[in-house]
Amino acid sequence: MSEYLPTGQASRRARGLLTLLLVLLMALTTVAVSAQDAGNEPDPLQPTNDTGIPDESLQLEPTIVSETRSGDATTITIDVPVGADTFTASNRPTTNFSTDSFLRVGFNSQVNGAQRSFLFFPMTNIPRNAVVQNATLRMHVAGFAPTNDAPMGILARFLTTAWDPNILTWNNFNPQWGAEIGVGQIPAATGWREANITGPVREWVWQVRTNNGFMLQGDESPGVGRERIFFAINANNQLHPHIRVTYQIDNVAPTATVNPLPQWSPGTFQVTWTGQDNSGGAGIRFYDVQSRMNGGAWQNWQSQTTATSANFTGVNAGFYEFRVRATDWAGNVSAWPSNPQAATRVDTMAPNSIVNPLPQFTFSDSFTVSWSGLDPQPGTGIARYDVQVQVNGGAWQPFVTDSTATSAVFSGATVGWTYGFRARALDFVLNTEPWSPQAEAQTIISGGDPGAEIVPFSSPVTQQPRFVVQWRGIPVPGTRIDSFEVQFRFNGGAWTPWLTSYPDPSAEFIANQGDGVYEFRVRARDSAGHTSLWAAGPGNAIAVDTIAPFIVPTVWLPVVPDTN
């Protein structure tokens with residue numbers, strides 16, 4: 001941005017305005033100051049040449065205050081003089097004050113009304129790669145009002161548009177306000193006042209913000225009439241505003257790297273990076289991050305970002321590489337690394353799993369449930385399983401959680417209840433298989449012992465020494481009868497084994513003990529290994545009568561089974 005300097009036409013206007021201003025000032029000195037305590041009003045200063053513009057304003061250049069070297073670092077302190085300054089007044093809305101010797105803020109009850117000052121400091125003499133360590137605005141208070149006034153807060157605001165001090169008035173008010181810079185408290189006393197404006201100067205030097213200068217605004221309440229008056233560049237007394245800037249030259253680019261990534265990543269994963277500027281450097285301003293897939297061309301991914309992480313989304317089995325470079329506030333840019341700094345392969349496919357089949361019936365309240373799984377290739381492999389159980393078609397409940405095992409014992413089952421199971425698998429990047437809507441395996445708990453009984457004889461008496469005895473087994477659900485044991489006794493004597501582990505439900509019996517009453521009892525063993533109690537049943541006895549006279553039954557009474 002060029003310095004603001006008056007034009008010839010504006011200079012000629014200025015001479016006429018200055019003459020009018022001097023007449024007005026002399027008239028004002030005779031007016032009573034009841035409306036405002038004049039305080040310490042400075043004496044008017046005279047221009048130094050016939051243009052009405054002090055010669056100094058045409059000659060001011062930045063002044064080097066100090067310069068020191070330490071190794072490769074050079075530290076310079078310079079005074080940057082104001083390049084353009086003026087003020088505007090609400091009660092004189094069409095008057096331009098660019099040739100005035102003073103800058104005014106606050107409220108002047110006598111003539112000006114509300115007053116606002118505008119200043120511009122050119123930063124073109126400070127290198128673009130300078131690291132501004134400190135910047136102090138220095139302005140000299142020439143007068144104030146009222147006497148013994150408390151410190152007055154003065155607000156500084158950025159100006160967002162260019163402005164010409166030679167034509168600026170309250171009415172045309174060309175510059176637009178911007179963000180606040182800060183508020184300084186200025187006491188009612190003459191002398192130098194200082195304010196730290198390191199932040200704004202850095203932004204101007206590094207061209208983060210366009211340098212349009214700033215505006216000063218004080219207490220504009222009409223009441224008492226509070227005012228602060230500063231020497232302007234046209235005072236030609238070396239008391240003009242200036243900024244003392246201390247900076248170092250930064251020619252070293254920062255460094256940056258992408259942090260390591262795992263061998264495998266899910267479809268969307270976080271990439272992070274870090275950077276560091278050299279000691280005493282300007283600091284990192286932003287990063288650029290590039291990516292490439294399967295060794296292809298590098299693509300811009302994150303551009304001029306101040307963030308140090310972002311989520312990246314890839315496709316299944318894609319191999320992704322990343323690199324980063326950094327730019328500091330001095331404009332130094334690190335080179336792109338020739339090799340990728342981090343790489344990972346994407347796995348978006350969830351594994352598959354299933355609960356292995358269970359028998360329809362289970363004959364214990366504890367049983368083993370097993371499952372298996374497979375991860376599609378290429379993939380990270382199965383990391384763990386979750387297994388759920390469902391009782392009698394009810395709500396699903398956790399059975400096994402976050403387990404690498406492929407089997408577990410389920411305990412506490414209830415006879416007659418149905419237990420269903422389902423599994424899901426997770427791989428090492430947490431791709432998760434969805435739950436099956438129904439059970440993948442289920443079983444019914446079957447309990448108790450089987451039953452058995454002797455089939456009643458068709459007649460309670462036989463004249464044959466050889467006859468067929470029948471029996472039957474009663475299995476519990478889910479089992480079968482594998483074998484029988486059959487015993488007999490003669491005429492109420494002791495039970496005697498007849499058949500052992502006999503698979504068939506009948507056999508021919510030979511009454512070797514002669515005529516008499518033969519009773520039979522049976523017990524069954526099922527496929528679950530359970531054995532029934534000894535049982536006979538109605539009609540389990542038969543009378544053998546092979547010698548005449550023969551018994552003729554008139555009433556048949558069943559024999560009560562003896563379970564002993």
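Visitor: What makes E27 and strand E28 (residues 441–445) a pair?
Guide: Two strands pair if DSSP finds at least two bridges between them, and in this predicted model E27 and E28 have four, running in the antiparallel sense. Tyr 419, for one, stands opposite Thr 443 in E28.

Visitor: And which sense do strand E24 (residues 382–391) and E27 pair in, parallel or antiparallel?
Guide: Antiparallel, over nine bridges, against a cut-off of at least two. Val 389 stands opposite Phe 421 in E27 there.

Visitor: What makes strand E13 (255–258) and strand E18 (309–313) edge strands?
Guide: The sheet is an open one of three strands, ordered E13-E15-E18 with antiparallel pairing. E13 and E18 each have a single partner strand, so one side of each has no neighbour in the sheet. Neighbouring strands here are turned by 25° against each other on average, direction ignored.

Visitor: How do you know that strand E15 (residues 268–276) pairs with E18?
Guide: Five bridges link them in the antiparallel sense, and the criterion is at least two. Phe 269 has Phe 312 in E18 as its bridge partner.

Visitor: Which residues of helix H2 (residues 198–205) are buried?
Guide: Thr 198, Pro 200, Val 201, Trp 204 and Val 205. They cover an arc of only 165° around the axis, so they sit on the same side of H2. The buried residues of H2 pack against several strands, including strand E6 (130–145) and strand E12 (242–249).

Note on methods: Residues numbered from 1 in each chain as written. Predicted model: local features only at pLDDT ≥ 70, side-chain atom pairs only at ≥ 80, totals over all residues. Heavy atoms only, no water. Buried < 20%, exposed > 50% of the residue type's maximum accessible area, 1.4 Å probe, protein only. Helix = DSSP H or I, 4+ residues; strand = E, 2+ residues; numbered from the N terminus. Arc of directions from axis to C-beta. Contact = heavy atoms within 4.5 Å. Axes fitted to C-alpha atoms, helices over the stretch in contact; angles between N-to-C directions.
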